[in-house]
Amino acid sequence: MNALKNSVQLIGNLGKDPEIVNMDNGSKLAKFSIATSDSYKNAQGEKVADTQWHNVVAWGKTAEIVENYLVKGKQVAIEGKLMHRSYETTEGEKRYITEIRCNELLLLGK
């Protein structure tokens with residue numbers, strides 16, 4: 001059960017092409033977002049679609065795979081770790097972000 005302490009698994013579609021950042025030390029960082037969709041019936045019996053967006057980051061070899069194979073609309077399965085961080089904008093506002101640090105990536109669909 002130790003491996004389940006902070007583990008996230010999602011299947012979704014990319015909302016836009018990934019953003020690739022080449023770091024000064026030669027490594028790569030890939031940033032992308034995926035949408036997961038679910039549907040249910042509300043109290044009135046109407047079908048309601050619910051789409052959630054998830055920010056994902058990948059480093060190193062995984063980032064290279066993202067750069068070479070992922071494009072907007074592509075369906076992927078990811079496994080990773082939920083991370084929370086904060087940063088300050090140029091205007092001095094503190095912002096908080098939650099993202100998934102991708103450890104494994106599986107390309108799905110055609």
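Lys5 lies in the segment before β1 (8-14). Strands such as this one are DSSP runs of E with at least two residues, helices are runs of H or I with at least four residues, and both are numbered from the N terminus. The model is predicted, so local features need pLDDT of at least 70 and side-chain atom pairs count only at pLDDT 80 or more, while totals for chains, interfaces and linings use all residues. Residues are numbered from 1 along each chain as its sequence is written, and side-chain values use heavy atoms, with hydrogens and water left out.

Lys5 counts as exposed because its relative accessibility is 68%. Here, buried means under 20% relative accessible area, exposed means over 50%, and partly exposed lies in between, with a 1.4 Å probe and protein chains only. Lys5 and Ala77 are 72 residues apart along the chain. Their C-alpha atoms are separated by 19 Å.

The overall fold can be described next. The protein chain has 1 helix and 6 strands. Along the sequence, these elements follow the pattern β-β-β-β-α-β-β. The C-alpha atoms fill a box of roughly 55 × 40 × 35 Å, taken along the principal axes. The protein chain has 110 residues, and buried residues make up 28% of them.

Two further residues relate sequence to space. Leu14 is found in strand β1. Leu14 is buried because its relative accessible area is 4%. Asn103 has its place in strand β6. With a relative accessible area of 46%, Asn103 is partly exposed. Asn103 and Met23 are 80 residues apart in sequence. In space, they are 19 Å apart, C-alpha to C-alpha.

Salt bridges were then examined. A salt bridge is a side-chain nitrogen of Lys or Arg within 4 Å of a carboxyl oxygen of Asp or Glu. By this rule the count comes to 3 salt bridges. In one of them, Lys28 pairs with Glu67, and the closest N and O atoms are 3.0 Å apart. This pair links distant parts of the chain, with Lys28 in strand β3 and Glu67 in helix α1, 39 residues apart. Lys28 counts as buried because its relative accessibility is 17%. Glu67, at 35% relative accessibility, counts as partly exposed.

Glu99 and Arg85 also meet through their side chains in a salt bridge, at 2.8 Å from N to O. This pair again joins distant parts of the chain: Glu99 is in strand β6, Arg85 is in strand β5, and they are 14 residues apart. Glu99 is buried, with a relative accessible area of 9%. Arg85 counts as partly exposed, at 39% relative accessibility. A salt bridge also forms between the side chains of Arg95 and Glu93, at 3.3 Å from N to O. Arg95 is partly exposed, with a relative accessible area of 37%. Glu93 is partly exposed too, with a relative accessible area of 41%.

The surface carries a nonpolar patch of about 280 Å², made by Ile65, Tyr69 and Leu107. Patches are made of residues with over 30% relative accessible area and no salt bridge; like charges are joined within 9 Å, and nonpolar side chains (Val, Leu, Ile, Met, Phe, Trp, Tyr) within 5 Å. Accessible areas come from the Shrake-Rupley method with a 1.4 Å probe, and for residues only the protein chains shown count as cover. Tyr69 is found in helix α1 (residues 60-69). Tyr69 counts as exposed because its relative accessibility is 52%.

The largest pocket holds about 210 Å³ of space. A pocket is an open set of points on a 1 Å grid over the protein atoms alone, where a 1.4 Å probe fits, with protein on both sides within 12 Å along at least five of seven lines; lining residues have an atom within 4 Å of a point. The lining has 13 residues, of which Glu19, Lys31, Phe32, Asn55 and Val56 lie nearest the pocket centre. Two or more lining residues come from each of β3 (28-41), β4 (47-59), β5 (75-88) and β6 (94-107). The lining divides into 5 nonpolar, 2 polar and 6 charged residues.

How values were computed:
Grid points are joined across faces, edges and corners, and a volume is the space filled by probe spheres set on the points. Ala, Val, Leu, Ile, Met, Phe, Trp, Tyr, Cys and Pro count as nonpolar, Asp, Glu, Lys and Arg as charged, and the others, Gly among them, as polar.
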